[in-house]
Amino acid sequence: MADTNLPASGPMQIPGHIDPLPVARAITPRADGRTDLIGLPRQDIAALFAQAGLDARAAKLRAKQVFHWLYHRGVTGFEAMTDIVRPMRPWLAERFVIGRPEVVEAQLSVDGTRKWLLRTADGHDFEMVFIPDADRGTLCVSSQVGCTLNCRFCHTGTMRLVRNLTPGEIVGQVMLARDSLGEWPKGANDTRLATMAGLDDDEDAGSYSADGRLLTNIVMMGMGEPLYNFDNVRDALKLVMDGDGLALSKRRITLSTSGVVPMMARCGEEIGVNLAVSLHAVTGDVRDEIVPINRKFGIGQLLQACADYPGASNARRITFEYVMLKDKNDSDEDARELVRLLRHYKLPAKVNLIPFNPWPGAPYECSTPERIRRFSDIVFEAGISAPVRTPRGRDIDAACGQLKTAAEKKSRAGRERLAAGDEAAPG
Ligand code: SAH
Ligand code: SF4
């Protein structure tokens, strides 16, 4: 479990990092005095029920039932909770709500990718993307509104960090996607599919893979740096992985980090999901420029943390993401150095080559298709898988690094401070 020197909850502390605008983790009631239950684990739901007047035993029982309805069946009203005695349902509805992020806009790409513009209860916009493939469907989930870091090729990086998303807002994205896709286990939306697949409510986590569902995988690759919002991301993913919750296997969840080295071990220990690392460069100079967190945690430190990542093995490889930027990081020599580094640290690795997705005012261009192929071949020839990721949803600005909402610009002073390599402070 957790390193005992670290607080189990409360605002996350990163050595040398000023955690920007942390969200109060206390439960905040809505304006009408009711409390949103989404994002809370069983024991917190039980505590609220006890506070509202149930005795401890009843609170625990009702919390278990409500938890199942919320996260496993996806109901959005207490009336649907048929195993809860009838008079209790309005009692619950007077005190509690079952929230979802508000949908401001939903867009569909020509390639089937969907993007949703979502809004928090306090009026901040963020995005979520769903990418359907023949054999899987991947939901790309955001962890923050904006980002403190400012990777030079990333559109989100030009936003300031507005705030961390709460566990409810993070798990709420997955729940909303299931609502939209009509994919709750039987009883809610899709009795037919679940019955066809012989699914039963008590199936274990990970059972929803080969049953024709659209949403099979989750990647924490939307807006924000998930390891700078560790507690909330962990608490949300626990609900996603809970067998009586959304019941998605940890093997189908990938968290992508730009390289927040001090939080990587805890990610493996406390969440246990697959790791993706935004490497993007093989020399300190280039990585300092394009992924500025490198000035704090260099390539050597990062790759050592990858080598130590709990749970990584040849069966569960770490993904190294590498954005292809013309004349910046795409030479044969870069490819050979990448191979050398991965071998040196004995990493169970696969490399994901991402053609750079342009956005207005971006300071880079994408490498040519020939260059990308050559780079990929060099890595492949060394025995490391290096597929080129097909850009998806470019026409609706849903591709990697294109997410950005409203005019949440970093202040000039903020950008300059970051460029000077100081603390990742809010701009
Ligand atoms: N903040 C996390 C996760 C979100 S970004 C991280 O940086 O890892 C998801 C991936 O998209 C990262 O690998 C990121 O570097 C990459 N990316 C960002 N901007 C991009 C762009 N314009 N084109 C292609 N990939 C980009
Ligand atoms: Fe933030 Fe990731 Fe974009 Fe870098 S690539 S600015 S860490 S969202």
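Which strands each supply at least two residues of the shell around ligand 1? They are strand 10 (253-257), strand 12 (318-324) and strand 13 (349-355), with strands taken as DSSP runs (E, at least two residues) numbered from the N terminus. This is a predicted model, where local features need pLDDT of at least 70, side-chain atom pairs count only at pLDDT 80 or more, and totals for chains, interfaces and linings use all residues. Residues are numbered from 1 along each chain, chains are lettered from A and ligands numbered from 1 in the order written, and side-chain values use heavy atoms, without hydrogens and water.

**Around ligand 1**
- Ligand 1 is surrounded by 20 residues (a heavy atom within 4 Å), and the closest are Phe153, Ser256, Ser278, His280 and Asn357.
- By class, this shell holds 9 nonpolar, 9 polar and 2 charged residues; Gly counts as polar and Cys as nonpolar.

- One oxygen atom of ligand 1 lies 2.6 Å from a side-chain N or O atom of Ser256.
- For Glu321, a side-chain N or O atom is 3.2 Å from an oxygen atom of ligand 1.
- A polar backbone atom of Asn357 is 2.9 Å from a nitrogen atom of ligand 1.
- The protein buries 96% of the 530 Å² that ligand 1 exposes when taken alone (Shrake-Rupley method, 1.4 Å probe).

**Around ligand 2**
- Cys147, Leu149, Cys151, Cys154, Gly157, Gly224 and Ser258 are the residues around ligand 2.
- That shell divides into 4 nonpolar, 3 polar and no charged residues.

Conventions: A polar contact is a pair of N or O atoms within 3.5 Å; within protein, one must be able to donate a hydrogen and the other to accept it, and residues adjacent in sequence count only if both atoms are side-chain atoms. Helices (H or I, at least four residues) and strands (E, at least two) are DSSP runs, numbered from the N terminus.
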